[in-house]
Amino acid sequence: MLKDTTLDYAQSLDKQDTLAHMRDHFAIPKQANGENEYYFTGNSLGLQPILAKEAVMELLDAWGKHGVKGHFEGEFPWMPYHEFITDFAAQIVGAQHKEVVMMNSLTVNLHLMMASFYQPQGKRCKILIEDHAFPSDHYAVESQIKHHKLNPAEHMMTWQPRDGEELLNHDDLYQIIEQQGDEIALILLPGIQYYTGQVLDMKTITEKAHAKGILVGFDLAHAAGNIELELHNWQVDFACWCSYKYLNSGAGSVAGCFVHEKHATNTQLNRFAGWWGHDKSTRFKMANEFHAIPTAEGWQLSNPPVLSLAAVRGAYETVILAGGMKKLREKSIKLTQYFRSLLQAELGDKVTIITPEAIGQSGSQLSLMINVEGLDGKAMFNAIEAKGVTTDWREPNVIRAAPVPLYNSYEDCFHFVRILKECLA
Ligand SMILES: *Cc1c(COP(=O)(O)O)cnc(C)c1O
């Protein structure tokens, strides 16, 4: 239980915070009164890193200066532009260099990965997802099943929380795998569930699935840039993430894709192909005989939108500048624990936090439900927003608030709780 709920204490924690200076690397939106917003929406759209803006401006300058020659000239030529980000991306998700590529957007990449890794055959035709999957993932899976002329009602399985519970219980999943594993072709799950903020045990899920011959992919929209990942060591088959949430590269920016080495180097693997995935040394021979690059890059289709990649480069570089995910996660654990205990100390059971408390089972985000007779959560979300607290609302009943270690302070958390308390009174 938190003993000290004062502003002084929050400020003293900020003084001890070795990452506090990173806040100066971001543009913080202002309230109407000129004060900084209390921004808790990094789980939805991260703030703009100064380095991202600089990289975009540099790119615009290079375009103006070089025209088509910009593909090969300047400090960051466009031809290999995505390669300037690979190292950062690999560090952020715990991958080898050859296992990652920045391309397309998240849902597109999920489709490309399923084109390769969902190959229904014989008895093994099903895809398992979670019951409350993000709609885009749900639609992607459903349409992939239909694409193979199969029936989603029969071939899409779901793992759901037990009656009356919000969180997924891993034992239930392991039981499904044990009992019906030989009918499942692919398991596609989030690394962190977007509604509850629950972190799934990606390592064990992958192990158990592989033991039954099932391939495993993760949607890391809420995990990349939030928690430490070891995709290579965990033997995950593929993973996709967007870069605009915890990775701060701007709305709709270029997404990331991980293909495990054991598949990435297999140029014979079935895929939807395009010229940017073709062997770089012969790409411009225009010979119409596809030779996949023997890395994750072999899944690229088009020459990428370099303006967006520039923002991604600056944003990922900011994460590395902060010392990488280990460092960020250390602060994140402290910051979110402080936030949680202050909420509990000040608001008691007026607010229920559905996000699990154990350190390995949650990231930055806490999902809050308002528990006061006659007050609805949506109205409370609007009330705190009018006082400068930016969070996001998710139907049916949750305020999601994520103090993120790159730019949120302990003082931000203090004000969040103060304002919510005022609004609840
Ligand atoms: C944010 C999010 C998406 C968004 O998909 P886009 O293709 O980037 O528009 C998809 N799935 C999950 C789980 C998300 O959290």
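## Cavities

A cavity is a set of points, on a 1 Å grid over the protein atoms alone, where a 1.4 Å probe fits but cannot get out; lining residues have an atom within 4 Å of a point. Grid points are joined across faces, edges and corners, and a volume is the space filled by probe spheres set on the points. The model is predicted: local features need pLDDT of at least 70 and side-chain atom pairs pLDDT 80 or more, while totals for chains, interfaces and linings use all residues. Residues are numbered from 1 along each chain as its sequence is written, and side-chain values use heavy atoms, without hydrogens and water.

The whole structure holds four cavities of 30 Å³ or more. Of its 14 lining residues, Glu130, Phe134, Asp137, Pro190 and Asp219 lie nearest the centre. The second largest cavity has about 100 Å³, and its lining includes Arg329, Arg340 and Glu357.

## Ligand site

Residues near the ligand (a heavy atom within 4 Å) are Leu106, Thr107, Phe134, Asp137, Asp219, Ala221, His222, Tyr244 and Lys245.

Asp137 lies 2.7 Å from a ligand nitrogen. Ligand oxygen atoms are 3.0 Å from a polar side-chain atom of His222 and 2.5 Å from an N or O atom in the side chain of Lys245. The protein covers 83% of the 390 Å² of accessible area that the ligand has on its own (Shrake-Rupley method, 1.4 Å probe).

Note on methods: A polar contact is a pair of N or O atoms within 3.5 Å; within protein, one must be able to donate a hydrogen and the other to accept it, and residues adjacent in sequence count only if both atoms are side-chain atoms. On a 1 Å grid over the protein atoms alone, a cavity is a set of points where a 1.4 Å probe fits but cannot get out, and a pocket is an open set with protein on both sides within 12 Å along at least five of seven lines; lining residues have an atom within 4 Å of a point.
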